[in-house]
Amino acid sequence: MHDEIMIRGAHLHNLKHVNLSIPKNKFVILTGLSGSGKSTLAFETLHKESLRQLFESIGMVTYALSKPDVDSISGLSPSISIDQHMTNRSPRSTVGTATEVFTYLRLLFARIGHRVCLACGKDIPPVYDVGSESDDALKEDVTYPCPHCGAPVPNLTMGHFSFNKPQGACPTCTGLGLIHTANLDLLLDPEKSLQDGGVVGWVDVETKRYAEVLQAAGKHYGYDFDVNLPLGELGEAQMDLLLHGALGDRFRRHFPDIEPPGTVSKGRFEGIIPNLMRRYEETNNPAHRAKLGKLLVEQTCPDCDGERLRPESRAVTINGDTIIDVAEMPLTNLLKWIDSLQDQISDEAWMIAEPVVFDLQERIRRLIDVGIGYLTLDRATPSVSGGEAMRLRLAALLGSSLTGILYVLDEPTIGLHPRDNERLIQILRGLRDLGNTVLVIEHDLDIMRAADVLIDMGPGAGQHGGEVVAAGTPNEVALVAESITGQYLSGAKSVPVPATRRQGNGHMLTIHGARAHNLKNLTVELPLGMLIAVIGVSGSGKSSLILDTLGRAADHRYHQSNDIPADHDAISGWEHLDNVVSIDQTAIGRTPRSNAATYTDIFTPIRQTFASQPEARHLDPRHFSFNVPGGRCDRCEGAGVLTVNMHFLPEVEVRCPVCRGRRFKEEVLAIKYRDFDIAGVLDMSIEEALVLFEDIPTVARKLELMVDVGLGYLKLGQPATMLSGGEAQRIKLAKELGKRSTGHTLYLLDEPTTGQHPDDVTRLLVVLQRLVDSGNTVLVIEHNIEMIRAADWVIELGPEGGDAGGYLIGTGTPDEMAGNPDSPTAAYLEADRV
């Protein structure tokens, strides 16, 4: 009995009293259509109950971990989960700090780094006093004489190489590498004078008052400030006064011998930029701060040039490389640099460096083994994808010697090229061979075939799922006729490949000279009127080319975005497009109050429908919103839950005792539409809501689009914070599909098959092909072979990730690319031919 995890009567969400035995010490795949109940079973039932029992057994309070809806679970092991969310979204966190590799590098540079004497400018070799390694060598207040000139040289410690500590951080940007400054394009109109409204945002009263102050300043310094002259014609001193103020260094350099005015009335003008920055820093109102933030732009710190550290820290070298140089290396190159150290440094230095180097080698090899050797240590963690975040955590587990653990992983193949699947399989089997149970939610057929045990949930999604359709070896599941997964495994079903490829409309959108990150000055033509797949191994430059270069340039052109496009020469062919829409996997909202219904504007006509019922005589649509006062519950303000502060423990959410989690007041809940109240509608799946509102065209059309993109199982009121990246992307896609199209739109999608079962991919393809048939162009960044095979045109970057990538490997139809000898993807396209 202890050889299995026995689940009895699991009935959380759509699970239908599931009874299941999961063998221990096996590599187990949990699969099924999106919304079939996989995550509910793996994370919200097994993992959550494991944590609850573990905390309870060691005497910890478990208020935040209520028992999941399951009759019993026996044989449960301690559980570790690895999902797609990067928990640290701070801009101060990087791949180097998250993996502690940068910590070891800081130690290495502090111990054996060469520095420059600030007095004589000569190289100072490190002091190898091995005996004082744990004493004076680690103290900041210790000094020693320069061997060349005798000047006192302060000791540099690990802290001096950290951009998160005052002794190491650049004082200008405080270690962020970026500064916020005013966006002058939004603040000034150079064609207008100050008097005619040249400063955008100043009302008449402000213009009059500030004009008097500026004229007073002119008199104080002995020149005339002409408020009727167009701002673009002002002299340098006048413009510096207007922008930086009388106390600003940029202005004071013009009159170094004159003291600034003592009062505002005498000309002590604050300056547009200092005034904006002060208000931005001082305001505590989130809405006001966001409004002011739109007038700011991020720029690279002018003092450290984005390198985050103080000058003295950036000057320390090992083998001629600074810690900044090393942090900019892809992990594969960094390992070579580390491996070469013993031959490049003195024997004394090696005595100190050897234990640090050994730990560095182990950590970096694990990161390379999980397929992210192309990442650099200075890569900010907020920019890391969900799949990369998961593999960062997986790499940390590889160094563990724990046994008897239940590992729960959520789609580790996300963002992974098919050639890396075999390496991932070996890693997962390695965890199993240590005596652990590895439970993986996965849709990739290759990974499924490698499992010891395959469990297929279904048969459908949402209310049509929640059952175990088949369980056994992959070969056994392939023989189960009722299993949709089994049909794909056996070859009875497959993602359809078009009989003919589109030829496009004859127009091109061309990116010229793309140089962002690792791109090698690429010029790439995108044929319009096609379904285009941009492919390549992880880190080959796909996102840099399509999202950072083309996407940002399009946002700037069509949507007036402030985001600066990545480095490139030009993009030609815009005249053939009316719009460009980027649909990524970022969240549709940051609070639980945002959901699919509010984001797609479905909730507005639903509220209007309830307000139009005969019983709702004194209610209007506002009363049926949980985001504004009126009809929502006053106690929980429409949240349905109350947050309880547990002081030293995490906050706990409890159901509101007044509305009992239903969000609204009783008089609002008394209004029914076809026997359902507004709370009941929010608790419906999109598929159920489509049936309910089939007679309301404005609602039914948008609901139908969400069903088309494979979201029929989602609840209308499911909080945005509980949606996966793939679900958020498909909600955005459904919203865009609901807009009127001119037939000349370019849609950019980043891995739309994320979280999709092969059967879901088939459904998604129907929607994408429909868009292209209407004259639009759809471009997908993709690793999924089935999606690539269904494309009209393929563009491949590579051949590797990081520095070894960024080249254009080839372009053509999928069949043509299958025969490309330089393509890492060709073998998989060839194997997938039909």
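Gly 59, which follows helix α1, has a positive phi near 80°. The model is predicted: local features need pLDDT of at least 70, side-chain atom pairs count only at pLDDT 80 or more, and totals for chains, interfaces and linings use all residues. Residues are numbered from 1 along each chain as its sequence is written, and side-chain values use heavy atoms, with hydrogens and water left out.

Helices (H or I, at least four residues) and strands (E, at least two) are DSSP runs, numbered from the N terminus. Helix α1 covers residues 38–57; at 1.5 Å a residue, its 20 residues should span 28 Å, which agrees with the 27 Å between its end C-alpha atoms. The expected span is 1.5 Å times one less than the number of residues. At Lys 48, α1 bends by about 25°, the bend being the angle between axes fitted to the seven residues ending there and the seven starting there.

Strands β2, β1 and β4 form, in that order, an open antiparallel sheet. Because β2 (18–23) and β4 (72–74) each have a single partner strand, one side of each is left without a neighbour in the sheet. Five bridges join β1 (residues 4–10) to β2, where strands pair if DSSP finds at least two bridges between them.

The loop between β1 and β2 holds Lys 16, whose side chain meets that of Glu 467 in a salt bridge (4.0 Å, N to O). Such a bridge requires a side-chain nitrogen of Lys or Arg within 4 Å of a carboxyl oxygen of Asp or Glu. Glu 467 lies in strand β17 (residues 467–472), 451 residues apart from Lys 16. The structure holds 34 salt bridges.
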